[in-house]
Amino acid sequence: MASFKRKKKHLRYINLLDQPVKFNPFVFSRAFLLWTLLGLVGGIVAGVYWIILEHLTHILHFFNGWQVIPVMALSGLLAGLIIYFIGDPGEIHLIVNNIKFNKGKLDPKNNPSMILSSLLCVASGGSLGPEAPLVQVTGSMGTWFGKIFRLKGEELRSMSIAGMASGFTALFGAPLGGSLFSLEILTHKHALEYYKAIIPALVSSCFSYIVFAAIAHLGFGPIWELHSYNIEGIFDFGYAILLGLCATVIGWVFIYCTKTCKFFFEKITLPIYVKTAIGGLCLGIIAYFLPITRYFGHHEINQLLTLDSPLYYLGIILIFKILAIAITVTSGWRGGFIIPLFFVGTTLALIIHKMFPFIDLSLAVVSCMAAINVCVTRTPMSTTILLTTLTGFSFFIPILFASLTGYFLAPRIPFIHSQMDKKHENH
């Protein structure tokens with residue numbers, strides 16, 4: 001009887017929320033409150049996740065030298081066991097597929113496995129960042145909110161996208177860039193297909209950003225320290241295109257390196273925890289010889305920029321960082337590859353600057369970062385906006401030229417296969 005009364009009371013509240021607002025002369029509506037609540041909760045989740053990640057990273061960072069090899073192998077084994085026994089949380093391909101073809105529904109039941117496995121993978125030094133796990137967790141929260149308030153169709157999909165945007169924005173500190181990213185990542189053609197979700201995504205992102213910044217004390221300015229840049233003329237746009245072209249070539253190398261690693265790991269017909277352990281062992285060996293390739297690049301990019309590394313050493317870092325990301329992606333480790341790709345772009349920019357010192361280093365860094373990420377993710381608008389925020393590079397147009405170069409010279413078949421329309425997947 002008590003349970004029936006509770007359900008009846010719940011339905012009464014839901015019906016009240018479903019009623020239109022009377023005498024409201026503003027665009028403001030109850031939906032705004034729902035988007036705000038989603039953003040606040042998303043910011044809290046992202047802040048707590050980041051604090052736990054930092055503490056766990058601090059603990060595992062004490063293991064260096066030869067110790068990094070068994071530590072990363074063991075971390076891979078534990079992450080694989082979590083996935084094996086709790087459930088496979090999927091990857092960015094599954095998120096995109098569910099938003100596009102599953103009515104925008106992201107299943108929250110996969111969150112415990114994603115949170116635990118990604119914390120181990122990222123904190124131990126894997127070459128993937130926390131952005132993808134946060135996007136999945138907060139996106140599924142959007143789905144859960146939508147179901148509670150009986151949203152359907154595009155409204156439910158918009159709530160899931162708004163949740164994704166809140167998680168992405170929390171980490172990168174760029175509400176507009178995070179909102180656009182949550183739209184662009186869904187399709188390699190254009191973001192307009194999901195334009196109805198842009199306002200919910202912006203509202204959720206803004207409130208998520210405020211909460212995350214208050215909890216984690218991040219996002220109050222550029223993350224990566226580039227020297228000030230003054231545009232010298234129209235030739236700088238030409239440099240941006242040429243730099244973007246070089247980075248796009250490296251983007252192709254990364255894509256095919258990942259496909260090769262995927263081929264080998266798919267040949268291993270053993271449980272996933274064996275694959276993640278093998279991946280961890282390989283990553284540990286790379287990190288032993290090249291410590292700067294360990295972790296996803298949040299702090300390592302600044303370290304790379306301050307070091308005066310010789311040209312040959314930068315080339316070695318470039319090759320083995322690409323290999324480390326590919327192994328991390330294909331061996332079952334969990335995380336996102338956006339910040340690691342920015343690290344690869346920075347390394348390439350330093351190589352080019354060493355060879356051609358007359359090219360401004362800041363221009364080279366942002367152009368290479370933009371082009372390689374867009375080549376892989378097909379997100380030219382959001383990548384451009386994100387980089388202006390993350391680097392403090394105030395000249396928007398050169399980054400856009402590099403981003404468009406990466407976009408139009410990217411492989412016809414996207415790296416994230418679910419970005420394609422179903423009708424094209426069979427051809």
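This is a predicted model: local features need pLDDT of at least 70, side-chain atom pairs count only at pLDDT 80 or more; totals for chains, interfaces and linings use all residues.

## A first look

Y295 sits in the loop that runs between α11 (272–289) and α12 (300–306).

**Two residues with positive phi**

- Although Y295 is not a glycine, its phi is positive, at about 75°.
- Y295 is also buried, because its relative accessibility is 7% and the cut-off for buried is under 20%.
- R378 belongs to the loop between α15 and α16 (380–391).
- R378, another residue other than glycine, has a positive phi near 60°.
- With a relative accessible area of 5%, R378 is buried.

**The nonpolar cores**

- The largest nonpolar core holds 98 residues, and the members touching the most others are F172, F254, F337 and F342.
- Helix α15 (residues 361–377) is the top contributor to this core, supplying twelve residues.
- Leaving aside residues up to four places away in sequence, F254 touches I322, I325, A326, L341, V376 and F415.
- There is also a second, separate core of twelve residues, with M114, M141, L151 and A162 among them.

**The cysteines**

- How many disulfides are there? The count is zero.
- C261 is in no disulfide, because its nearest cysteine sulfur, that of C257, lies 4.5 Å away, whereas a disulfide needs the sulfur atoms within 2.5 Å.
- Is C261 buried or exposed? C261 is buried, at 10% relative accessible area.
- C375 counts as buried too, with a relative accessibility of 1%.

How values were computed: Residues are numbered from 1 along each chain as its sequence is written. Side-chain values use heavy atoms; hydrogens and water are left out. A nonpolar core is a set of buried Ala, Val, Leu, Ile, Met, Phe, Trp, Tyr and Cys residues joined through side-chain atoms within 4.5 Å. Buried means under 20% relative accessible area, exposed over 50%, partly exposed in between (1.4 Å probe, protein chains only). Helices (H or I, at least four residues) and strands (E, at least two) are DSSP runs, numbered from the N terminus. Contact means heavy atoms within 4.5 Å.
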